[in-house]
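I opened my notebook and looked up a few spots, one after another. Here is what I wrote down.

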Amino acid sequence: MNEIAEGITQAVQLIISLDEEVLAITARSLLISLSATLVASLIAIPVGGFIHFREFGGKRGLITIIQTLYALPTVLAGLLVFLLLSRSGPFGFLGLMFTPTGMIIAQIVLIIPLMIGMTLIALSGVSRIKQDTILSLGGTEMQTVITIIREARFAILGGVILGFGRAISEVGAAMMIGGNIRGYTRVLTTAIALETSMGNLSLSIALGIILLAIAMLVTGGLFLIQER
Amino acid sequence: MIEFDRVVMNYGEKEVLKQISFSIRKGEIYTFIGPSGSGKTTILRLIDLLDRPTAGRILIGGTDISSLRERDKVQMRRNMSMVFQKPAPLRGSVSDNVAMGLRFRHADEREIAVKTSEALQKVGLDEYGERNAGILSGGEMQRVAIARAIATRPDILLLDEPTANLDPVSTEKIENLIITLNKKFGITIVLSTHDMVQGQRLADRIAVVIDGRIGQIGTSMEIFYKPVNRNVARMAGVENILEGTIAENEGGLASVDINGIRISAPSQFPPGTPVVVYLRPEDITFHGKDSTKTSARNEITGRIIKVVPIGPMVRVTVDAGVKLTAVITQRSFEDLSLGLGEETGVAFKASAIHVLEQDHLT
């Protein structure tokens, strides 16, 4: 019990004193997960738009697969990207193993199904009449998809936030692809895992508080946007 | 301009349209009238290429649309605009909404500004440009939807029940606007309604749609007074539909036996033909207990069994051996000092009666 109280006190000190290492880990976490979320959005939102808009055979099945992958274990995403990026893998020549870029790729793989799924849910909230109105006004397929995405932008933004949340909080893929290299690929979650196993609880708690604070800021920000 | 040739439309198991054919001319107001669920909306959606017919051919401006590729479909759609029954505002201001079609066509900003304000002016909402489209009343949104549809100056305007959810004042505004768009700007207008009277006010020609089939195509007069079958007659407000047999026929003026009552009506059918007699409720007049002679050809006496006021009018049902329903003004009903259970004479002209053979029933 005493340990926890002590840990929290030290954590607060670490945060207030703007401890260099804590700041660096936080910045790296944000950079990697925001990059992953941005790239995943650029892929998932249009893909979701076209899946929603087009009628094709196997659409139902595809959606089921996407929904299943919401629950993709982070270590499986890590394993998949590991197989692709490791020295003997098809993209081994790129030398992306144990780099932040590799971690970004792993997080993209992890959150894309979730974000496509959330886009589909958001777009199904746009009434059929709206979609038909857009078509009737002479929208091409592309213009129609863009316009309905804009109609559903707050709901889609919710999916983006969810994707970001999953990316910044996952530890499995970051550990497997990044390797938790100090000063290079160490992020909040891998740092917490390591420091806890080393008994360095105060640092773990400090990092945990920061992780939660980021989550709160992000969801709070979304709330503000939606309220407007 | 628009031609349907034996078009069939199924949604899953449900047959929505059953081999319908019609042809709409350039520059006319063509109205589909029918009860809800009869397939009117589906017809408009097919014209706007929003759905693909299950079978049959659709020609628009001479082009068979079934062979069109997606890109050509967009081009074809850009000659028309559809206003849906419950128009949905898209995000943004009223101007943003009205400009949408022009933006899709990559019009430059100056052209967009000019055409948007023109369209808003036509619907009488010049002042509304900056308002948020999401907070308009039903009538306002309906007019914005029309402005949105005409801003691109389409050749064909499709209107699905344009006044179904509106108050009488808004309805009148929309109806006047429809007439102006057609007469002044030459837009071909295809509209659907369940209101026969609106069809009469607006349409050059009417197609009565019942249960996925077209019952009759004609002017409102033809449909009001010469319905081709029982369903069309009901839709057209012909309340007296009586079955009888031709008893005599003297050179086109027949005497029809209905339940022992004889009625004179113009008909070419020979004696013995089972027929259906159609008589509009407005064509029946009352002359109270003292039967002063009228010019009507048919006069019978009966007892009033039902009185239902409908605004300034009264719907009166009389049992005169056959049940007849008439609509007269509240005032004449009072002037004749008529009342429930009282005996009265009713009269109607032979020429007001429309006689069809019973075999024609569907």
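Predicted model: local features only at pLDDT ≥ 70, side-chain atom pairs only at ≥ 80, totals over all residues.

Where is the place of B:His106? I found B:His106 in the loop of chain B between helix H3 (94–104) and helix H4 (109–122).

Residues are numbered from 1 along each chain as its sequence is written, while chains are lettered from A and ligands numbered from 1 in the order in which they are written.

I checked phi of B:His106 and got a positive value near 60°, in a residue other than glycine. B:His106 is exposed, because 9 other C-beta atoms lie within 10 Å. (Buried takes 20 or more other C-beta atoms within 10 Å of a residue's own, exposed 12 or fewer, and partly exposed is in between; C-beta atoms are placed from the backbone.)

Then I looked at A:Leu18, which sits in the loop between helix H1 (2–16) and helix H2 (20–53) of chain A. Its phi is positive too, near 50°, and A:Leu18 is not a glycine. I count A:Leu18 as exposed because it has 8 other C-beta atoms within 10 Å.

(Strands pair if DSSP finds at least two bridges between them.) B:Asn249 has B:Ala254 in S12(B) as its bridge partner. There are 2 residues between these strands, and B:Gly251 in this hairpin has a positive phi near 55°.

S12(B) also pairs with strand S13 (residues 261–266) of chain B, antiparallel, over 6 bridges. Here B:Ile258 is bridged to B:Ile261 in S13(B). This hairpin has 2 residues between its strands, and B:Asn259 in the turn takes a positive phi of about 55°.

**Entry: the core**

Which residues touch the most other members of the largest nonpolar core? I got B:Leu158, B:Val208 and B:Val277, out of 152 residues. Helix H5 (residues 100–124) of chain A gives the most to this core, with 16 residues. (A nonpolar core is a set of buried Ala, Val, Leu, Ile, Met, Phe, Trp, Tyr and Cys residues joined through C-beta atoms within 7 Å.)

I listed some contacts of B:Val277, leaving out residues up to four places away in sequence; among them are B:Leu242, B:Gly244, B:Val256 and B:Ile258. (Contact means C-beta atoms, placed from the backbone, within 7 Å.)

**Entry: B:Arg6**

B:Arg6 is in strand S1 (residues 2–11) of chain B. It counts as partly exposed because it has 13 C-beta neighbours inside 10 Å. Beyond four places away in sequence, B:Arg6 touches B:Gln19, B:Ser21 and B:Gly56. I also looked up B:Ile58: 52 residues from B:Arg6 in sequence, but 8.8 Å away in space, C-alpha to C-alpha.

**Entry: confidence in chain A**

(pLDDT is the predictor's confidence in each residue, from 0 to 100.) Within chain A, confidence is lowest in H1(A), at a mean of 82, and highest in H5(A), at 95.

Technical notes. Helix = DSSP H or I, 4+ residues; strand = E, 2+ residues; numbered from the N terminus. Contact = placed C-beta atoms within 7 Å.
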